[in-house]
Amino acid sequence: MVKQGSFASVSSVKQLRQFKQRTKLAESQAIQPEQIKEFLVVRYHLTQNARLAPVTKETMQRFLMAWLDNATAQTWALTTITQQTLGQIATQVPWQFYALVNSEWRRFQKFLQKEVPAMPLATRRMVTAEAETITALVAQQLALNWFLTMYATIPDRLAAVTEQQVADLQQSLLSDDQINWQNVATVYSTAPFVMPTDADEGTVTWLQTLTDLTADQLK
């Protein structure tokens, strides 16, 4: 039932650095559709960099890059693309990644709603927002990820996981319709994050910084 995705495009620290080095891209200069990703990553760096802690900044830039890989239509359905992106990232990051994305969601949403229509394109892109929060999406993905991690080497058990099991675990991660990060930390103590063996040094450093964050720090 649950499937693993690919987070390869987000694992390139070199790509992030290249984007940052090209922040002189003229805002008034017309861009081609294939330049959308670079343009928005640069804009995010320029508009959000000063206020974000380093680990949050890198997390959100990587998330934005993955998110934009799924934004291929003329109109971008915010919640649909977000759900797809979270599913592709899946267990390739620790649970703390989802905590930071969840905490930055409102600002991230506002950034897209402001910057996407303003891009200097011949055919403009629009963003439609179906929800104000992504709490349910994040909680569901965290529940899915736990099963993916626990049964990663037992495909028969993984295939037997039911929607009800996922829903029950998802509900256990919530308190008053908000994610209880202490509950998440407790649940994930039984399924620790496994560092990828093929990650570059920058990615390993980022992932280790994430895993060192505690539930108290993420409240």
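The structure is a predicted model, in which local features need pLDDT of at least 70, side-chain atom pairs count only at pLDDT 80 or more, and totals for chains, interfaces and linings use all residues. Residues are numbered from 1 along each chain as its sequence is written, and side-chain values use heavy atoms, with hydrogens and water left out.

**The chain as a whole**

- Eleven helices and four strands make up the chain's secondary structure; these are DSSP runs (helices: H or I, at least four residues; strands: E, at least two), numbered from the N terminus.
- The chain has 219 residues, of which 47% are buried, meaning under 20% relative accessible area with a 1.4 Å probe, protein chains only.
- Among contacts (heavy atoms within 4.5 Å) with a separation of 6 or more, 74% join residues 24 or more positions apart.

**Helix α5**

- Helix α5 spans residues 95-103, and eight of its nine residues are buried.
- Those buried residues are W95, Q96, F97, Y98, A99, L100, V101 and N102.

**Packing of α5 with α11**

- Helix α11 (residues 201-211) packs with α5 at an angle of about 80 degrees, and their axes lie 8 Å apart; axes are lines fitted to C-alpha atoms over the stretch in contact, and angles run from 0 to 180 degrees between N-to-C directions.
- The two helices, α5 and α11, are therefore roughly perpendicular, a term for angles of 65 to 115 degrees.
- Q96, F97 and L100 of α5 meet W206, L210 and T211 of α11 in this contact.

Terms used. Buried < 20%, exposed > 50% of the residue type's maximum accessible area, 1.4 Å probe, protein only. Parallel < 35°, antiparallel > 145°, perpendicular 65-115°, else oblique.
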